[in-house]
Amino acid sequence: MSLHVNERDETSHRPSPGGDRAQYGVCAFLALVGVLVIVDAVRTGNSTSSTDPLGPRTLPVILGVLLLVVALVYVIDVARGGRGEPEAGEDVDLTTPVDWRTVLLMMGAFAVNAVLIEPLGWVISGSVLFWGTAFALGNRHYVRNLAISVALSLITFYAFAIGLGVNLPAGVLQGIL
């Protein structure tokens, strides 16, 4: 009897030919990104010099073509019934419902960050983002989270400015930072 049950279990986990619509969506996304990268690269001027004989177009075009190739190979794999195996190390119960409160709070933190980054600057908007994310994920140590959020925002602000030479918006703190 157990042999029969195992056979049924084996056949229920076999991928069906034709694939999964979500996987085709990933294929389409990869193809779209590949096309956008190629189109953007073609719009770029192709100025070459003795130090850069290839110019700025070459690498993006190669990457765009590789994205299209990956999308095509992925479509073929999905059409043949291939699908990704679930990560064995993940402790995720797929039967539990989505925690929409957490998802909406996280989306709110990102939206507030996007709205506040220009007028108030990265340090303030980043602090709100980090603090809001910790709150959304259930941490209720408000003062400690605020201190950590401000520290993370300052560290990333100066890491971008000094380490990468990229100036994040200072906003109302212009001249202080």
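Predicted model: local features only at pLDDT ≥ 70, side-chain atom pairs only at ≥ 80, totals over all residues.
1. **Aromatic cluster.** W131, F135 and Y142 are joined into a cluster by ring pairs. The angle is why the pair is called tilted: planes under 30 degrees apart would count as stacked, and planes over 60 as edge-to-face.

2. **An edge-to-face pair.** F157 and Y158 make an edge-to-face pair, because their planes stand at 90°; the ring centres are 5.3 Å apart. F157 is buried, with a relative accessible area of 8%. Y158 is partly exposed, with 35%. A pair of aromatic rings is described by two things, the distance of the centres and the angle of the planes.

3. **A charge over a ring.** The charged end of R140 sits over the F135 ring, 4.0 Å from the ring centre.

4. **Overall fold.** How many helices and strands does the protein chain have? The chain has six helices and zero strands. Along the sequence the pattern reads α-α-α-α-α-α. Of the contacts with a separation of 6 or more, 56% are between residues 24 or more positions apart.

5. **Surface and burial.** The protein chain has 177 residues, and buried residues make up 18% of them. Its accessible surface is about 12,800 Å². Carbon and sulfur atoms account for 67% of that surface.

6. **Nonpolar patch.** L59, I62, L63 and L66 make a nonpolar surface patch of about 380 Å². I62 belongs to helix α3, which covers residues 58–79. I62 counts as partly exposed because its relative accessibility is 44%. That value also clears the cut-off for patch residues, which need over 30% relative accessible area.

7. **V61.** Helix α3 also holds V61. V61 is partly exposed, with a relative accessible area of 27%. Which residues does V61 touch, not counting those up to four places away in sequence? They are I38 and A41.

8. **G81.** G81 is in the loop between α3 and α4. G81 counts as buried because its relative accessibility is 4%, and buried means under 20%. In sequence, G81 and D20 are 61 residues apart. In space, their C-alpha atoms are 8.2 Å apart.

9. **T102.** Helix α4 spans residues 100–120 and includes T102. T102 is buried, because its relative accessible area of 16% falls under the 20% limit. Leaving aside neighbours within four places in sequence, T102 is in contact with A136 and L137.

Terms used: Residues numbered from 1 in each chain as written. Heavy atoms only, no water. Patch = residues over 30% accessible without salt bridge, like charges linked within 9 Å, V, L, I, M, F, W, Y side chains within 5 Å. Areas by Shrake-Rupley, 256 points an atom, 1.4 Å probe, with all protein chains shown as cover. Salt bridge = Lys/Arg side-chain N within 4 Å of Asp/Glu carboxyl O. Helix = DSSP H or I, 4+ residues; strand = E, 2+ residues; numbered from the N terminus. Buried < 20%, exposed > 50% of the residue type's maximum accessible area, 1.4 Å probe, protein only. Phe/Tyr/Trp six-rings, centres within 6.5 Å; stacked < 30°, edge-to-face > 60°. Lys NZ or Arg CZ within 6 Å of the ring centre and 35° of its normal. Contact = heavy atoms within 4.5 Å.
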